[in-house]
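The following exercises concern one protein structure. Each task sentence is followed by a solution in steps.

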Amino acid sequence: MPIIINIDVMLAKRKMQSKELAESLGITPANLSILKTGKAKGIRFDTLETICKILQCQPGDIIEYRENE
């Protein structure tokens, strides 16, 4: 899939655990895992906005497009 989710990278930069982010978002760790692994079919803009607020980043820091090689 050409859309890459870099939540793990931002979590590492912010020294935050996935569980802490999931709690702050009000979602289960399992649902966050689905998003992090790129298995989600979509993401709501309000969820993306909240992730950006919590991780103090821009959407482009989390979502990346790479053409299939």
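**Exercise 1: Charges**

Determine how many positive and negative side chains the protein chain has, and how far apart the centres of the two sets lie.

Solution. Lys and Arg count as positive and Asp and Glu as negative, with His and the chain ends not counted. Each charge is placed at NZ of Lys, CZ of Arg, CG of Asp or CD of Glu. The protein chain then has 10 positive and 9 negative side chains, with the centres of the two sets 4 Å apart.

The model is predicted: local features need pLDDT of at least 70, side-chain atom pairs count only at pLDDT 80 or more, and totals for chains, interfaces and linings use all residues. Residues are numbered from 1 along each chain as its sequence is written, and side-chain values use heavy atoms, leaving out hydrogens and water.

**Exercise 2: Cysteines**

Next, classify Cys52 and Cys57 as buried or exposed.

Solution. Buried means under 20% relative accessible area, exposed over 50%, and partly exposed in between (1.4 Å probe, protein chains only). Cys52 has a relative accessible area of 9% and is buried; Cys57, with 9%, is buried. Across the 69 residues of the protein chain, 25% count as buried.
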